[in-house]
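Dear colleague,

I am passing on the structure below, together with notes on what came out of it. Please read the notes with the coordinates open beside them.

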Amino acid sequence: MKSTSLGRETSRPLKNHTSFGQTLRNSLTMAYRGLLKIRRTPEQLFDVTLQPILFTLMFTYIFGGAISGNVENYLPIIIPGILVQTVIGTSVVTGVQLREDMDKGVFDRFKSLPIARIAPLAGAVLADTVRYTIATVLTFVMGYIMGYQPVGGLGSVAIAAILVIACSWAVSWIFAFFGVIARTAASVQGISMIVLFPLTFLSNAFVPVETMPTWLQWFVNINPISHLVSAVRELANNGAIGFEFIISIVSAAVIVAIFAPLTVRAYMRRT
Amino acid sequence: MSNAYNTEWAVEARGLVKTFGDNRAVDGVDLNVRAGSIYGVLGPNGAGKTTTIRMLATLLRPDAGQARIFGHDVVKESHIVRQLIGVTGQYASVDESLSATENLIIFSRLLGLGRSEARKKAEELLEEFGLTEAAKRPLKHFSGGMRRRLDLAASLIAQPPLIFLDEPTTGLDPRTRSQMWDTIRRLVVTGSTVLLTTQYLDEADQLADRIAVIDRGHVVAEGTVDELKASVGTSALHLRVHDAKDIAGAKEIVEQVLQVRSSVTAEAAKITAPMADADQVTDLLIALRTRGIQLAEISVQKPTLDEVFLTITGHGAAANETKAQGQQERMEEVRA
C-alpha cells in the first residue's frame, strides 16, 4: 500500500449547510446509484413491463363490450385510464425499495457523509422515473397494437406521457414517506395499497362517472386521479391542454410541497 | 493548515447519554481523544461502544450531554463534523448490489469529486487495499475481510482527519486482522486520528495509545495501555511438569526466578504464578533445564478481557457474552 493518498488534506473550506447546486449534484449521484442497481437486478422491472401488457389486455377485453359497446370505442377511454392506474401504482415500489434500502448498512454511510440530507431520498424517487417511463411507453404501445389511434397525434401523446410520469413522481413522495416511517417493507406495501386502491378505482379511469351513485360521483369528481385521467384523455384524444391539465399539475405540486419536506423530516428524525 | 484542525482534541465528549426505551445504552460517557493518536474503546457487546460512536459520528442524536469533533458540536454543526470524519461501521456500510469500483465512485462523487477524479480515486484506493482484481465483481461474492477493506477504503476517500472504526477486525481471520492493524497504524502515521472500538484487549494493546474501558454505558477505566495493564495485573504463568515428583522443585525455581509466590493446583499438578514480564520465561526455562526438570506444558497468558473486567468492575463480562469471548481470547502461548 502506498501512503501517498492516505495523506490528510489540510485545506478544505468547512460549511455547515449545503448549497442548492450541491443538493442537486448529490441527488443526481444518488439517482445514478439507483440506475446502477436497476441495471444489476433487471428482474425488478418485471412489474413495470408485464403489468401494462397484462392489464391493458384484460381490462379492455373484459369491460370494452359492456361499457362502450365494443373494444374499439372503449380504447380512447381505457388507455388513458389504465395508463394512470398502472404508472401511479408503480410508484408504490419507490417506498418499498426505499425501506429495504434504508435497512442496509450503506445508508449509515450516506448519513455520515457531508451531503444534502434529501439526496438519498431525492435520488431514489428520481431513479424511479425510469420505471414510470417504461410503464408509460409499454401501455401506449399495447394500446396501439390493439388498435388505439390517438387523434391528438404523437406530440400530444408525448406531453400526456410526461404529465403522467411527472404526477407519478409527485405521488411517489407519499410512498417514500411511508417507506421512511414504516418498520418493514411489507407494511409499506400494505399501507400504500390501501391508499392507492380507492384512489385509482374511485375515479373515471374505467367507467363513465354518470353510471355511479350521486354520493360517489362527488368523490370521483374531486379525486385528483380523475383529473389526471381526463387531462390525458384531452391530450391524447383531442390534442388539447385544458383545465384538467392545470389541476393535475397543481395537485402534483401540492403533493410534493407537502410530502417532500415531511419525508425528509421523518428521515432525519429516524437517524 | 486550516484552523479546523488546530484544536488539540479530536474528540471531546461530556456526559453523553442515549436511551432506547428504558435501556440506558450510553449513560454519561466522557471521552477525550488527542489529535493524531489512536484511541481504543474497549468493552463487551452491548456495553454502549457502537452507540457512543454513532453519536460522535452524527448518526444518532444524544439525549443528553455534548460532544465536539475538532471543536465543532456534533448536533449544532453536524454538517461540518461530517466533513471531518470517516466512519467504518461494524456492519459493512457499502452497497451490496454494486461492485467495489461503483461503490467507491459513488461515494467519491457524493464527496464532490469530478467524474474522472472519482474514477482515479477509486482505482487508487482499490490498489492500496489489494482489491483491484475483485473490483468489478458484485460485493455479494466478497469475503468478510474484503468487505471490511472496501469499507475502510470508502472512509478514506475524503482523507478525513478523524476516522471512526467500529470493531474493525471482529470476525476476521488472524492474517486479515494483522493486515487491518497495519493499515490502521499507517493512517496515524499520515496524521489522522483514529477512534476504534474493540472487544479484544489484545487489539487495543496492539494499536491504541490510550484506552477507555466501557461497561453498561459507563467508562469504568481510562488511561494509557500500560496504566490499564498495571491496574489489571501482570500476565500469568501456567506450568505443568512431566513427572509429579518434580513439582516441589519446579515451584521453588519459579519462585526464585520470578520473585513471586506461586500456587499449585493439586489435581492437574499445575503451577500458576503472576509474571511482571513475559520475557522472564526464558530465564525460567533455562533454570528448569539446568535442574533437569521435564515440562509437560507451559504457557504465558495475557489477562483476558474477562479478567480485565473482573478486576475493574468487580463482575465479569455479561454472562451471555462469555462464550463468544472465550473463542476470541487469543493468548500468547509457549508450549514445550
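**What was found**

Phe70(B) counts as buried because 25 C-beta neighbours lie inside 10 Å, where buried means 20 or more other C-beta atoms within 10 Å of the residue's own, exposed means 12 or fewer, and partly exposed lies in between, with C-beta atoms placed from the backbone. This residue is found in the loop between strand 4 (64–69) and strand 5 (72–73) of chain B, and although Phe70(B) is not a glycine, its phi is positive, at about 45°. Helices (H or I, at least four residues) and strands (E, at least two) are DSSP runs, numbered from the N terminus.

The model is a predicted one, in which local features need pLDDT of at least 70 and side-chain atom pairs count only at pLDDT 80 or more, while totals for chains, interfaces and linings use all residues. Residues are numbered from 1 along each chain as its sequence is written, and chains are lettered from A and ligands numbered from 1 in the order in which they are written.

**The two chains**

Chain A has 12 helices and zero strands, and its C-alpha atoms fill a box of roughly 75 × 40 × 35 Å, taken along the principal axes. Of its 271 residues, 44% count as buried. Two residues are taken to be in contact if their C-beta atoms, placed from the backbone, lie within 7 Å; among contacts in chain A between residues at least 6 apart in sequence, 80% join residues at least 24 apart.

Chain B holds 12 helices and 14 strands, and buried residues make up 44% of its 336 residues. For chain B, 69% of the contacts between residues at least 6 apart in sequence join residues at least 24 apart.

**Where the chains meet**

The contact takes 34 residues from chain A and 42 residues from chain B. On the side of chain A that touches chain B, helix 1 (20–40) and helix 5 (106–112) of chain A each supply at least two residues, and helix 1 of chain A gives the most, with six residues. By class, that side of chain A has eight nonpolar, 14 polar and 12 charged residues, where Ala, Val, Leu, Ile, Met, Phe, Trp, Tyr, Cys and Pro count as nonpolar, Asp, Glu, Lys and Arg as charged, and the others, Gly among them, as polar.

**Cores**

A nonpolar core is a set of buried Ala, Val, Leu, Ile, Met, Phe, Trp, Tyr and Cys residues joined through C-beta atoms within 7 Å. The largest has 90 residues, and those with the most contacts inside it are Val84(A), Val164(A), Ala176(A), Val232(A) and Leu104(B). Helix 8 (residues 153–181) of chain A provides the largest share of this core, 16 residues. A second, separate core of 51 residues includes Tyr39(B), Met55(B), Leu56(B) and Leu59(B).

Leaving aside its neighbours within four places in sequence, Val164(A) is in contact with Leu83(A), Val84(A), Val87(A), Thr136(A) and Val232(A). Thr136(A) itself lies in helix 7 (residues 129–145) of chain A and is buried, with 27 other C-beta atoms within 10 Å.

The axes of helix 8 and helix 9 (residues 185–201) of chain A come within 9 Å and cross at roughly 145°; axes are lines fitted to C-alpha atoms, for helices over the stretch in contact, and angles run from 0 to 180 degrees between N-to-C directions. Phe175(A), Phe178(A) and Gly179(A) of helix 8 of chain A make this contact with Val188(A), Ile191(A) and Ser192(A) of helix 9 of chain A, and these residues divide into four nonpolar, two polar and no charged.

In helix 5 (residues 144–155) of chain B, the buried residues include Arg148(B), Arg149(B) and Asp151(B). What covers the buried residues of this helix includes helix 5 of chain A together with, among others, helix 3 (100–110) and helix 4 (115–128) of chain B.

Arg216(B), in the loop between strand 9 (210–215) and strand 10 (218–224) of chain B, also has a positive phi, of about 50°, although it is not a glycine. Arg216(B) is partly exposed, with 17 other C-beta atoms within 10 Å.

With best wishes

How values were computed: Expected span 1.5 Å × (residues − 1).
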